[in-house]
Amino acid sequence: MLIRYLPEQERPLEKAVRQGIETLSNTELLALILNSGTRNLSSLDLAAELLAQCEDGLIDLGAMGFDELTVIRGIGQSKAGTLLAAVELGKRIASSRQPERTAVTSSDDVAGMFMERLRYEKREHFLTVLLNTRGEVIASDDVSIGELSSTVVHPREVFVRAVRKSAAAVIFVHNHPSGDPEPSREDLETTDRLVGAGKLLGIRVLDHIILGDGTFRSLRSLGHIS
């Protein structure tokens, strides 16, 4: 039976979208990679036939080359190349190591990360530093660039990537082009609004670092963030 004649909930792509790719069987995953079958075989049939040639399952598939794949009915060089590319990517992912991440232990660590980059900027730059549960930096986002004296920061832009990255906590960083890191009333109001948004999302705001010319202020150290 061709895939288009299957009930929608049984089709591999629709099933993956609805339930998650991890719910697919090996045959369904291979059918997605193969993308199409032949005149007489659906991609699911072709995937099943391919797996039938693998006595030890996916381990055998990982050891196959072009010559072994193309002798299987319905698999030409194009499909063989697609399969081998998928297998090779899997091997590379399995052998890859997570990049080392910087652990943040104090406001000095964060200030040191961004001081030389921002201390000479003529406009305010507002950044969000994303942290995992171990206090390691996952990423940093440039949220906004404002005029000389102010930056408009909306919680939606601040937290969108933190949610996508499953960040446990965030630290805000922005510079004062004047060189004076003392927080303004607007800085304090913005921080309060973002701390409140973070609580609703379950993402803790650890600090807000304001950078001046070679010096900085930590709103946590000043007692504004608890």
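Biologist: Let us begin with helix H8; which strands does H8 lie across?
Modeller: This is a predicted model. In it, helix H8, residues 155-164, lies across E1, E2, E3 and E4. The helix runs at about 160 degrees to E2.

Biologist: And helix H7, which strands does that one lie across?
Modeller: Helix H7, residues 107-118, lies across E1, E2, E3, E4 and E5. Its direction is at about 45 degrees to E4, the strand of residues 204-211.

Biologist: What is the order of the strands in the sheet?
Modeller: The order is E2-E1-E3-E4-E5, in an open sheet of 5 strands with mixed pairing. Strand E2 (137-145) and strand E5 (216-218) are the edge strands, each pairing on one side only.

Biologist: By how many degrees are neighbouring strands turned against each other?
Modeller: On average, neighbouring strands of this sheet are turned by 20 degrees, direction ignored.

Biologist: Take E1 and E3 next. In which sense do they pair, parallel or antiparallel?
Modeller: Antiparallel: strand E1 (residues 125-131) and strand E3 (residues 169-175) are paired over 6 bridges. Within E3, Ile 171 is the residue opposite Val 129.

Biologist: And E3 with E4, parallel or antiparallel?
Modeller: E3 and E4 run parallel and are joined by 7 bridges. Ala 169 has Arg 204 in E4 as its bridge partner.

Biologist: Which helix makes a β-α-β unit with E3 and E4?
Modeller: That is helix H9, residues 185-201. Together, E3, H9 and E4 make a right-handed β-α-β unit.

Biologist: How many residues of E4 are buried?
Modeller: E4 is mostly covered, with 6 of its 8 residues buried.

Biologist: What joins E4 to E5?
Modeller: These two strands run antiparallel, with 3 bridges between them. Ile 210 has Arg 217 in E5 as its bridge partner. The hairpin of E4 and E5 has 4 residues between the strands, and Gly 214 in this hairpin takes a positive phi near 80 degrees.

Biologist: Where else do we find a positive phi, say in a residue that is not a glycine?
Modeller: Asn 35 is one of them, with a positive phi of about 75 degrees. Asn 35 is in the loop between H2 and H3. Ser 166 also has a positive phi, of about 55 degrees, and is not a glycine. Ser 166 is in the loop between H8 and E3.

Biologist: Is Asn 35 buried or exposed? And what about Ser 166, buried or exposed?
Modeller: Asn 35 counts as exposed because its relative accessibility is 64%, and the cut-off for exposed is over 50%. Ser 166 counts as exposed at 61% relative accessibility.

Biologist: Changing topic: how many aromatic pairs does the structure hold?
Modeller: The structure holds 2 aromatic pairs. Phe 126 and Phe 172 form a tilted pair, 5.5 Å centre to centre with 40 degrees between the planes. This pair links distant parts of the chain, since Phe 126 is in strand E1 and Phe 172 in strand E3, 46 residues apart.

Biologist: Why do we call Phe 126 and Phe 172 buried?
Modeller: Phe 126 counts as buried because its relative accessibility is 3%, and Phe 172 counts as buried because its value is 0%. The cut-off for buried is under 20%.

Biologist: What is the geometry of the pair of Phe 159 and Phe 172?
Modeller: Phe 159 and Phe 172 are edge-to-face, at 6.2 Å centre to centre and 80 degrees between the planes. Phe 159 lies in helix H8 and Phe 172 in strand E3, so this pair ties together parts that are 13 residues apart in sequence. Phe 159 is buried, as is Phe 172. Phe 126, Phe 159 and Phe 172 form one aromatic cluster.

Biologist: Finally, helix H3. Which of its residues are buried?
Modeller: In helix H3, residues 43-52, the buried residues are Ser 43, Leu 44, Leu 46, Ala 47, Leu 50 and Leu 51. They line one face of the helix, because they fall within an arc of 160 degrees when seen down the axis of H3.

Biologist: Which helices do those buried residues pack against?
Modeller: The buried residues of H3 pack against helix H1 (12-19), helix H2 (26-34), helix H4 (58-63), helix H5 (66-70) and helix H6 (77-95).

Key:
Residues are numbered from 1 along each chain as its sequence is written. This is a predicted model: local features need pLDDT of at least 70, side-chain atom pairs count only at pLDDT 80 or more; totals for chains, interfaces and linings use all residues. Side-chain values use heavy atoms; hydrogens and water are left out. Buried means under 20% relative accessible area, exposed over 50%, partly exposed in between (1.4 Å probe, protein chains only). The arc is that of the directions from the helix axis to the C-beta atoms. Contact means heavy atoms within 4.5 Å. Two strands pair if DSSP finds at least two bridges between them. Axes are lines fitted to C-alpha atoms, for helices over the stretch in contact, and angles run from 0 to 180 degrees between N-to-C directions. Rings of Phe, Tyr and Trp (its six-membered ring) pair if their centres lie within 6.5 Å; planes under 30 degrees apart count as stacked, over 60 as edge-to-face and the rest as tilted. A crossover is right-handed if, with the strands pointing away from the viewer, the path from the first strand over the helix to the second runs clockwise.
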